[in-house]
Amino acid sequence: MSQGTPQPSGTTADGHRADAVRNRSAILDAAVDVLADDPSASLADVARRAGLGRATLYRHFPSREALRDAIRQEALARAETALAGARLDEVPARDGVRRAAEALVPLGVRFRVLLAEGADADPDFVAERDRALAPLLALVARAVGEEAVDPSVDPGWAGMVLANLLVTAARAAGAGLIDPAEAGELVSRTLFDGVGVANSWPDR
């Protein structure tokens with residue numbers, strides 16, 4: 001059985017130097033932490049948190065915007081992987097929403113720096129985000145089809161509600177207002193049941 005082409009010592013399978021890969025990962029991790037605490041932090045602050053020199057940081061990310069773009073791409077890649085791992089199509093829509101929230105809310109807390117950005121102004125990012133989060137739209141459409149959501153509700157509207165619930169849950173978890181482990185049930189219950197008391201509407 002073929003063992004593949006041997007890689008030079010210190011080189012990953014795709015030809016990148018292992019130390020360069022480690023440095024890039026360390027910079028991204030540090031940037032997520034530093035910018036979440038202080039969005040105006042400098043690249044020097046990020047390099048310091050990563051334990052690397054500024055020259056090393058600039059070799060990987062020549063500008064603040066390049067670093068932001070990398071953080072966005074990392075967040076989207078993790079979200080896509082998390083949703084795939086949640087196996088949303090194996091359970092009823094209500095349980096699927098709970099699974100989706102359980103998968104995405106911890107990522108929202110981790111990448112909360114992005115929640116404050118005006119990312120909608122970047123059409124390329126919006127297109128990539130929509131592709132990564134497409135399983136959520138399919139899940140909402142299925143919820144309407146299963147009549148877990150009122151069939152008269154437009155799926156686009158229900159999708160916007162779910163997206164905003166997920167963002168709100170991530171912000172609340174990041175602020176310590178809710179336990180991230182409870183976010184799935186909270187999001188699912190709020191989407192499908194609302195926050196009012198059943199039968200509390202006055203007779204009209």
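User: Which residues on the other side of α6 are exposed?

Analyst: This is a predicted model, where local features need pLDDT of at least 70, side-chain atom pairs count only at pLDDT 80 or more, and totals for chains, interfaces and linings use all residues. Residues are numbered from 1 along each chain as its sequence is written, and side-chain values use heavy atoms, with hydrogens and water left out. Exposed means over 50% relative accessible area, buried under 20%, partly exposed in between (1.4 Å probe, protein chains only). Helices are DSSP runs of H or I, at least four residues, numbered from the N terminus; on that side of α6 the exposed residues are Pro123 and Asp124.

User: How wide is the arc of the buried residues of α6?

Analyst: Helix α6 covers residues 123–132, and Phe125, Val126 and Ala132 are its buried residues. The arc is taken from the directions from the helix axis to the C-beta atoms. The buried residues line one face of the helix, because down the axis of α6 they fall within an arc of 125°.

User: Which ring does the charged end of Arg72 sit over?

Analyst: The criterion is NZ of Lys or CZ of Arg within 6 Å of the ring centre and within 35 degrees of the ring normal. The charged end of Arg72 lies 5.5 Å from the ring centre, and the ring is that of Phe125.

User: By class, what residues does the lining of the largest cavity have?

Analyst: The lining consists of Leu28, Asp29, Val32, Ile71, Glu74, Arg78 and Phe111. Ala, Val, Leu, Ile, Met, Phe, Trp, Tyr, Cys and Pro count as nonpolar, Asp, Glu, Lys and Arg as charged, and the others, Gly among them, as polar. By class, the lining has four nonpolar, no polar and three charged residues.

Note on methods
On a 1 Å grid over the protein atoms alone, a cavity is a set of points where a 1.4 Å probe fits but cannot get out, and a pocket is an open set with protein on both sides within 12 Å along at least five of seven lines; lining residues have an atom within 4 Å of a point. Helices (H or I, at least four residues) and strands (E, at least two) are DSSP runs, numbered from the N terminus.
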